[in-house]
Amino acid sequence: MLSIVIPVYNEADMLPLLIERLTKTLQTIPLENEILFVDDGSRDNTLEELHRQKKGNPAIKIIELSRNFGHQAALTAGLDLAKGDFVAMMDADLQDPPELLAQMYQLLASGDWDVVKGYRTKRKENFSRRQGTRFFHWLFGQISGLEGIESTGHFSMMTRQALEAMKQMKEKTRYMPGLRSFIGFRQTQITYNRDERKAGTTKMSTGSLLSLAADALFSFSRVPLRVCLWLGVTGVVLFFMAGIYVLLSKLMGWAPVGWSSTIISIFFLGSVQLTFLGALGEYIYRTYKESQNRPIYFIRNIS
């Protein structure tokens, strides 16, 4: 069986075209299939449209979460309930072409690979979002120590063995592409150009993207803490040298250090301390969330 996991949030306009293209693609894959739509607390008529589509397509399964838990939680719910020997995850906006699922399956069926990811060579998005996303992927790849993470998102397919490995990781702060790369196994990628959204508006605001980026960076790297450490060491060295200069200026009768330099020093040290506290706070908050051990999601209904 092939399972397709698709989180949806206010995507009623996208569903007919998505299901049409997905159904055509699945007809070329010689496997029984299930399409798991995870409704992440939609407020439009997404659920009604899903049930309407389900009447003509028995492969569709609808997982209703009790409220909006976020994109990563919705993906987790779908992966937990997927029954397939091969499992794919993708978004509902059709920016990642479902036709590539057939190629992903062929690579996995060959037995040479355990995970196939979609690698985006071009993105048809506005300039600021495109450059911001590119910078994040580069930065995350540099500091996380994970291989093959640049320009890859959620669009992928994996074997049951790889999925079971991912399901063993129970952290509450989740970044699925990072977890997928962390498990290792034999991974490859398919290149494609990422299209524009076909209908509706994006559900990931700039704030949501920044929050996801922070979760990824702080969950997979200690580099922010290392940066704080080296900034602190640099500050100690600089101000030790400044102290020597002030002492010599007093002893030798040089021009005295004025109030402006003193104020600048105070502001600089205060800013450094606040930066340290902020970085530590990010790690402490995530540790607190893990210690609470709350479920990642709650399911209201499965149909």
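**Exercises on contacts, surface and backbone**

D114 and R186 are joined by a salt bridge in which the closest N and O atoms are 3.0 Å apart, the term standing for a side-chain nitrogen of Lys or Arg within 4 Å of a carboxyl oxygen of Asp or Glu. The model is predicted, so that local features need pLDDT of at least 70 and side-chain atom pairs count only at pLDDT 80 or more, whereas totals for chains, interfaces and linings use all residues. Residues are numbered from 1 along each chain as its sequence is written, and side-chain values use heavy atoms, with hydrogens and water left out.

**Exercise 1.** Locate D114 and R186 in the chain, and classify D114 and R186 by accessibility.

*Solution.* Begin with the salt bridge between D114 and R186. This pair links distant parts of the chain, 72 residues apart, with D114 in the loop between helix 4 (100–109) and strand 5 (115–123) and R186 in the loop between helix 7 (176–182) and strand 7 (187–194). Helices (H or I, at least four residues) and strands (E, at least two) are DSSP runs, numbered from the N terminus. For accessibility, buried means under 20% relative accessible area, exposed over 50%, and partly exposed in between, for a 1.4 Å probe and protein chains only. D114, at 7%, is therefore buried, while R186, at 40%, is partly exposed.

**Exercise 2.** Which residues of helix 6 (residues 160–167) are buried, and how are they arranged around the axis?

*Solution.* The buried residues of helix 6 are A162, L163, A165 and M166. They lie on the same side of helix 6, because they cover an arc of only 155° around the axis, the arc being that of the directions from the helix axis to the C-beta atoms.

**Exercise 3.** Compare the backbone and setting of N10 with those of L94.

*Solution.* N10, a residue other than glycine, has a positive phi near 55°. This residue lies in the loop between strand 1 (2–8) and helix 1, where N10 is partly exposed with a relative accessible area of 22%. L94 is likewise not a glycine, and its phi is positive at about 65°. The position of L94 is in the loop between strand 4 (86–89) and helix 4, and, at 0% relative accessibility, L94 counts as buried.
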